[in-house]
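Please have a look at it first.

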Amino acid sequence: MTTELRRALVTGASSGIGRAIALELAARGFALELVGRSRERLDAVVRDVAHRARAHEADLLDDLQVAAIARAVTRLDLLVHAAGAVALGAVGDAPIGDLDHQYRANLRVPFLLTQALLPLLRASRGQVVFVNSGAGLDARAGWAAYAATKHALRALANALREEEQPRGVRVLSVYPGRTATPMQEAVHRMEGREYDPSRFLQPEDVATQIAAAIELPERAAVLDLSIRPTRA
């Protein structure tokens with residue numbers, strides 16, 4: 001008798017925290033649906049994992065592409081939202097288009113994809129992981145638009161948890177501090193600061209903690225997980 005592999009869908013899987021999560025889940029026996037914008041980088045992740053994985057090249061800002069991904073998945077035990085966008089700027093002069101883009105990438109996409117896949121997660125009594133940010137807990141000068149979307153993502157996760165707990169669906173929000181990723185490198189360019197990845201969390205640090213949390217038995221749940229670098 002064969003046992004089906006647990007199946008996870010990870011957005012933002014082509015780099016950074018999303019890629020690290022994909023590799024960690026593969027090591028723990030998950031089959032993977034990997035979503036990202038770069039087919040080349042997604043294919044590289046597929047080659048790196050030891051279990052069956054499928055790459056879905058997609059622009060998640062396109063509702064039709066989100067719907068296509070949802071249709072392609074027939075069984076799901078874990079949904080990980082690791083994709084996102086960031087643009088810095090003060091309230092007084094930040095382009096409103098930056099706010100609109102971050103709203104779509106950081107809030108609307110996770111809302112829409114979760115909604116589309118929720119029937120599968122209910123059927124499996126599965127889990128949803130929102131990779132949020134330290135900015136989702138505390139807004140600083142220059143981070144208003146990004147932090148606002150991440151605060152809203154926290155609200156989405158909290159409401160989803162209360163709604164779906166009776167159906168056995170668990171929801172985890174993760175709030176990493178500065179992590180050595182391509183996004184963090186871009187943030188440093190926006191800030192005009194030198195980027196030293198050794199000072200920050202590594203993506204694997206975040207991925208291993210997420211994996212530990214989701215491996216808890218159904219009787220237990222980690223609701224919120226904050227991870228901070230010790231040197232930054």
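By a cavity I mean, on a 1 Å grid over the protein atoms alone, a set of points where a 1.4 Å probe fits but cannot get out, and its lining residues are those that have an atom within 4 Å of a point. This is a predicted model, in which local features need pLDDT of at least 70 and side-chain atom pairs count only at pLDDT 80 or more, while totals for chains, interfaces and linings use all residues. Residues are numbered from 1 along each chain as its sequence is written, and side-chain values use heavy atoms, with hydrogens and water left out.

The largest cavity is lined by Gln127, Arg170, Val171, Leu172, Ala213, Ile214, Ala221 and Val222. Strand 6 (170-176) and helix 7 (203-214) each supply at least two residues of that lining, and strand 6 gives the most, with three residues; helices (H or I, at least four residues) and strands (E, at least two) are DSSP runs, numbered from the N terminus.

Turning to the sheet, seven strands form an open sheet in the order 3-2-1-4-5-6-7, with parallel pairing, where two strands pair if DSSP finds at least two bridges between them. Strand 3 (53-57) and strand 7 (224-227) stand at the edges with a single partner strand each, so one side of each is left without a neighbour in the sheet. Further in, strand 1 (residues 6-11) and strand 2 (residues 30-36) run parallel and are joined by six bridges, and Arg6 has Phe30 as its bridge partner in strand 2.

Definitions and conventions. 1 Å grid on protein atoms, 1.4 Å probe; cavity = no way out; pocket = protein on both sides within 12 Å on 5 of 7 lines; lining within 4 Å.
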